[in-house]
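Good morning, everyone, and thank you for making time for this.

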Amino acid sequence: MAVDSIVSSPLGPAACEKDAKALQFIEEMTRNADSVQGRVLAEILSRNGETEYLKRFKLDESTDRETFKSKIPVIKYEDLQPEIQRIANGDRSAILSAHPISEFLTSSGTSAGERKLMPTIQEELDRRQMLYSLLMPVMNLYVPGLDKGKGLYFLFVKSETKTPGGLLARPVLTSYYKSEHFKTRPYDPYNVYTSPNEAILCADSFQSMYTQMLCGLYERKQVLRLGAVFASGLLRAIRFLQLNWHQLTHDIRTGILSPKITDPSVRNCVGHVLKPDPELADFIAGECSRENWEGIITKIWPNTKYLDVIVTGAMAQYIPTLDYYSGGLPLACTMYASSECYFGLNLNPMSKPSEVSYTIMPNMAYFEFLPHEQSSAQLSRDSPPRLVDLADVEVGKEYELVITTYAGLYRYRVGDILRVTGFHNSAPQFHFVRRKNVLLSIDSDKTDEAELQKAVDNASKLLREVNTSVVEYTSFADTKTIPGHYVIYWELLGKDSANAPSTDLLGQCCLAMENSLNSVYRQGRVADNSIGPLEIRVVKSGTFEELMDYAISRGASINQYKVPRCVNFTPIMELLDSRVVSAHFSPALPHWTPERRR
């Protein structure tokens, strides 16, 4: 499009007419955030007023905020579990939603060790697709010329199961990639991927990664952006290249696909890409055979303008490694979403990771905000909390996100803590602070203190046979290895020095801990290869006393000191590591199947 015909919007000059409409839509929604929110709530309540759940609270066809807030309780997943179980078991009556539940989206958050099941309806795909359609028009404001090349995105489907009642249960992205919205998406020059759909949709993670990497290498000069969902996923792709470049370059040199790729649809689609290219093979082998991989991304994909990955929240721990491999390319966080609901987008996607703020799109759901100091307190029906509307949050304050969705979640606590950084028009912008109560996270796993305690308790039972117990422990998520892994520091007390725990026994303790952790962690270990074997580092006797002395020397109260169950402060890590007497890794994979415990 000629420069003089570029359409302007308050956000900036749109790259094309289609972008202009998307930017105009963002402006309309954010200018009238409060009225849009009122309309969204009224739509949800009028549509679902006859559901069993809402009738229980006697709304009597009211659709106004005041009645809604006075009658509908603020809930967590466990409060809704009986209704969700009935739907999962095959009850098709209008329990939560007047529209039929089309499938369950499995959350990376867990309840009783299993993924949470989030009900969804068919039209939610349209809402998610609408938010996706806004991302590139915003990005085009900051990075020109993205229509002149392609994106190398490592995207994967994960395992899915059926509930006893026959509904699919799968992660939200798997649902999206398998939908017609994705598979038959119209051509958009600003959003072309190097990965064929067949490679993305291949359920075997090795074959999927291999073919996506192979296609990305063939089109190395067309690639203008690299991405994955999470930062950890992009680093796994780089690690995959380190481990498999010999075979990949062999395929490129000969034009013959590795026999390890057995999926017929994948072999067929890659056949159109594959051709002998000894010069390309020599170049990639030359780069990959170097010991130093600093800046490898820009060496192999020299026209890359930015990396498109989530690096907020727990993913921030991967930023130094991404910078190392990319030579400091900009990191773009484009959107904020979860299994429960897609929330909003980043209107300044090239901002530094520490400054990323997401603008909530008020048409996606009805949003309320629980002031964080209240969210930590016990909420009950007798002492209802004062929730704040979207347009009424205050800059600088932290809130827990509470949502009411078209699919049948009402005043549901998502568990995300957000800090208000400002407003775009009348819509607030939020910095993602953290998930509530999450202690350890490598990829999409989330382990809280209670789960970690249970895992330590179960593993330490194995030590009884040698009269040994765990005196103290702490942990950290080691992301310097790829994939990252959990490290648990144990201080042991042995009653019989002649009968100390063997290396084999401590390895079994690692495995016992892994088998005690939730299903998302175990899937990451077994099926997704996104988490490495758990490690126990045994430290010298007295190490945790030293830890307390150090904390007190920095001003902690001796009366209120508690051993931190997770550490990431460098001096403390150094102290712990200097006291390690032995390290042990899980010798096998933990138990995991796609089937849920009934």
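Searching the whole structure gives 21 aromatic pairs, where rings of Phe, Tyr and Trp (its six-membered ring) pair if their centres lie within 6.5 Å, and where planes under 30 degrees apart count as stacked, over 60 as edge-to-face and the rest as tilted. Please keep in mind that this is a predicted model, in which local features need pLDDT of at least 70 and side-chain atom pairs count only at pLDDT 80 or more, while totals for chains, interfaces and linings use all residues. Residues are numbered from 1 along each chain as its sequence is written, and side-chain values use heavy atoms, with hydrogens and water left out.

One of these pairs is formed by Tyr324 and Tyr325, an edge-to-face arrangement with 5.2 Å centre to centre and 75 degrees between the planes. Tyr324 has 35% relative accessibility and therefore counts as partly exposed, whereas Tyr325, at 10%, counts as buried; buried means under 20% relative accessible area, exposed over 50%, and partly exposed in between, with a 1.4 Å probe and protein chains only.

Another pair is Phe476 with Tyr489, which is stacked because the ring centres are 6.1 Å apart and the planes are at 20 degrees. Phe476 belongs to strand 21 (residues 468-478) and Tyr489 to strand 22 (residues 485-494), so this pair ties together parts that are 13 residues apart in sequence. Strands (E, at least two residues) and helices (H or I, at least four) are DSSP runs, numbered from the N terminus. Phe476 is buried, at 11% relative accessible area, and Tyr489 is buried as well, at 0%.

Ring pairs also join Tyr132, Tyr176, Tyr177, Phe182 and Tyr342 into a cluster. Over the ring of Phe182 sits the charged end of Arg185, 4.1 Å from the ring centre, and here a charge sits over a ring if NZ of Lys or CZ of Arg is within 6 Å of the ring centre and within 35 degrees of the ring normal.

Strand 9 (residues 306-310) pairs with strand 10 over two bridges, and Leu307 has Leu331 as its bridge partner in strand 10.

Terms used. Pairing = 2+ DSSP bridges.
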